[in-house]
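Work through these exercises with the model open. Try each task before reading its solution.

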Amino acid sequence: MECLRTDDGCFANLPDYNFAAHYLIVDDSEGGQLRVHYLDEGPRDAEPILLLHGEPTWSFLYRKMIPILVQAGHRVIAPDLVGFGRSDKPSKRSDYTYQRHVDWMTSLVLQLKLTNVMLVCQDWGGLIGLRLAAEDTQRYTGIVAANTMLPTGDHEPGEAFKQWQTFSQDVELFPTGNLINSACVSTLSADVIAAYDAPFPQEKYKEGARQFPLLVPTTPDDPAAEKNRSAWKVLSQWQKPFLTAFSDSDPITAGGDKLMQKLIPGTKGQKHTTIVSAGHFLQEDKGEVLAEVVVQFIADNR
């Protein structure tokens, strides 16, 4: 698998992102290797919180949350998905599949020997993370789902998602930072927008970002549909703590929290919240609020 690696200089002097870089190697499934970047903050002997980002962000998205989670005594692991952030970026669209992303993040969790994991997931972080938890239930103690979903292709994805999917394929220059800005309630500063553009110095680095919208299962015969259905069978019996923390201004995932609360037993009795004045990327708009929600959720369910 041919891949690109963003030069370290692209990540110099990012605002409020003074975390040490860590790397590990995963099998690319074609006889080669890929380097995956992750953050590892807080005491190594504490029970870990796994923060999974989505499309087209990277671990920079969690910079407001990590210090609060660490201050509360937690170890925080925040990887960059393959194709994003400081992780390697396969150069062909066909290199990116849903299953490969699940496999790559599974490898990271196993290599780091993470146990008693609290999963916090948003956007594609949920599409991947909910699969991780469903396929290895003993490793996870709880889940916080924020503006995410686990589609099986058995239901219409909604007009907002279809418009996004079309835009992502038709736009000539994929405007990563400005896309994130437009999906927030607040207006991001120029240096924050630039930080979201940093992993992608040229269009050829964006093959993963381009492909992700097409990997969301939207038809019943999608390659990922059956495994997502199997994951739902597990989640429909999930008794461990499960919290929804969606925002009030996200047309893409609106209503997903109510569906999870209806279908997942572990949601019963939890303090589900709607975070006000936050868009799709609620970690940008209200990262500190979401972090406190996570801290309280863990404390309530010890």
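**Exercise 1.** Find how the residues lining the largest pocket divide into nonpolar, polar and charged.

*Solution.* The model is predicted. Start with the lining: 24 residues line the largest pocket. Sort them next. They divide into 13 nonpolar, 9 polar and 2 charged residues. Now look to the centre of the largest pocket, where Met 149, Pro 151, His 155, Glu 156 and Leu 259 lie nearest. Then turn to helix H9, residues 256-263, which gives the largest share of this lining, 4 residues. Finish with the volume of the largest pocket, about 500 Å³.

**Exercise 2.** Describe the second largest pocket and the elements that line it.

*Solution.* Begin with the space: about 420 Å³ lies in the second largest pocket. Its lining has 26 residues. Nearest its centre are Asp 123, Trp 164, Ala 183, Ile 252 and His 280. Next, take the elements that give two or more residues to this lining: helices H3 (124-135), H4 (159-170), H5 (176-182) and H7 (207-215). H4 gives the largest share, 4 residues. Last, sort the lining of the second largest pocket: 16 nonpolar, 7 polar and 3 charged.

**Exercise 3.** Compare the span of helix H10 with that of a straight helix, and locate its bend.

*Solution.* H10 covers residues 282-300. A straight helix of 19 residues would span 27 Å, at 1.5 Å a residue. Between its end C-alpha atoms, H10 spans only 22 Å. Now find the bend: about 65° at Glu 288. Finally, check burial, meaning under 20% relative accessible area. The buried residues of H10 include Leu 282, Gly 287, Leu 290 and Phe 297.

Conventions:
Residues numbered from 1 in each chain as written. Predicted model: local features only at pLDDT ≥ 70, side-chain atom pairs only at ≥ 80, totals over all residues. Heavy atoms only, no water. 1 Å grid on protein atoms, 1.4 Å probe; cavity = no way out; pocket = protein on both sides within 12 Å on 5 of 7 lines; lining within 4 Å. Points joined across faces, edges and corners; volume = space filled by probe spheres on them. Nonpolar A, V, L, I, M, F, W, Y, C, P; charged D, E, K, R; others polar. Expected span 1.5 Å × (residues − 1). Bend = angle between axes of the 7 residues up to and from the residue. Buried < 20%, exposed > 50% of the residue type's maximum accessible area, 1.4 Å probe, protein only.
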